[in-house]
Amino acid sequence: MKIKTVIPDGLKKHYNKELELYRISLLKGDLSKAWHHLERSHILGQSYPYEHSYSHWLMLKFGLRHKNLKEVLGQILRLAVGGWKSFIDHVPTGNTGGSDVPPLKRMKLPLDLEKVLTKYNAA
């Protein structure tokens, strides 16, 4: 069992870039694009407890802001269990993290994120 607690610096830069793009899109009112970047932050950070949980926290806030009960309930569940699954590196690769996707479903990685994750041995 591989225990991960700290995201590699290079990967952290990509994760933070997705969060920055999320915030910019949110400020512009482009909710679809904002959500897209949240999903990408989840993919990049899901193997690391803090980043994984923070992506879900932002998804919960997004769901609350837009009065999406399904998203809110789904994110509460994911916040309760996601961090410890990251800690023991038992996460479904490529999962975008939203409540529209089963929590344990593996998904195909976008090619650019697959390259990033492979570079930092996080895939």
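Reader: Start with His52. Buried or exposed?
Author: Buried. This is a predicted model, and in it His52 has a relative accessible area of 5%. The cut-off for buried is under 20%, so His52 counts as buried.

Reader: Which helix is His52 found in?
Author: Helix α3.

Reader: And what does His52 touch, leaving out residues up to four places away in sequence?
Author: His42, Gly45, Gln46, Gly82, Gly83, Ser86 and Val91.

Reader: Take Gly82 from that list. Where does Gly82 lie?
Author: In helix α4, which covers residues 69–87. Gly82 is buried too, with a relative accessible area of 7%.

Reader: How many residues apart are Gly82 and Thr93 in sequence, and what's the distance in space?
Author: They are 11 residues apart in sequence. C-alpha to C-alpha, the distance is 13 Å.

Reader: Back to α3. At what angle do α1 and α3 pack?
Author: About 10 degrees, with the axes 12 Å apart. Angles under 35 degrees count as roughly parallel, so α1 is roughly parallel to α3. Helix α1 spans residues 9–27, and α3 spans 49–65.

Reader: Which residues meet there?
Author: From α1, Lys12, Tyr15, Leu19, Tyr22, Arg23 and Leu26. From α3, Tyr50, Glu51, Tyr54, Ser55, Leu58, Phe62 and Arg65. The residues of this contact divide into 8 nonpolar, 1 polar and 4 charged.

Reader: New topic. How many residues has the largest nonpolar core?
Author: It has 18. Those with the most contacts inside it are Leu11, Tyr22, Leu38, Leu44, Phe62 and Leu117.

Reader: Which elements give two or more residues to this core?
Author: α1, α2 (31–45), α3 and α5 (111–119). Helix α2 gives the most, with 5 residues.

Reader: Zoom in on Leu44. What does Leu44 touch, again not counting residues up to four places away?
Author: Ile7, Leu11, His14, Tyr15, Glu18, Leu113, Val116 and Leu117.

Reader: Now the whole chain. How many helices, how many strands?
Author: There are 5 helices and 0 strands. The radius of gyration is 13 Å, close to the 14 Å that the globule rule gives for 123 residues, so the chain is as compact as a globular protein of that length.

Reader: What box do the C-alpha atoms fill?
Author: Roughly 40 × 25 × 25 Å, along the principal axes.

Reader: Last one. What percentage of the residues count as buried?
Author: 46% of the 123. As for contacts between residues at least 6 apart in sequence, 61% join residues at least 24 apart.

Notes: Residues are numbered from 1 along each chain as its sequence is written. This is a predicted model: local features need pLDDT of at least 70, side-chain atom pairs count only at pLDDT 80 or more; totals for chains, interfaces and linings use all residues. Side-chain values use heavy atoms; hydrogens and water are left out. Axes are lines fitted to C-alpha atoms, for helices over the stretch in contact, and angles run from 0 to 180 degrees between N-to-C directions. Helices (H or I, at least four residues) and strands (E, at least two) are DSSP runs, numbered from the N terminus. Angles under 35 degrees count as roughly parallel, over 145 as roughly antiparallel, 65 to 115 as roughly perpendicular and the rest as oblique. Contact means heavy atoms within 4.5 Å. Ala, Val, Leu, Ile, Met, Phe, Trp, Tyr, Cys and Pro count as nonpolar, Asp, Glu, Lys and Arg as charged, and the others, Gly among them, as polar. Buried means under 20% relative accessible area, exposed over 50%, partly exposed in between (1.4 Å probe, protein chains only). A nonpolar core is a set of buried Ala, Val, Leu, Ile, Met, Phe, Trp, Tyr and Cys residues joined through side-chain atoms within 4.5 Å. The radius of gyration is taken over C-alpha atoms; the globule rule is 2.2 Å times the number of residues to the power 0.38.
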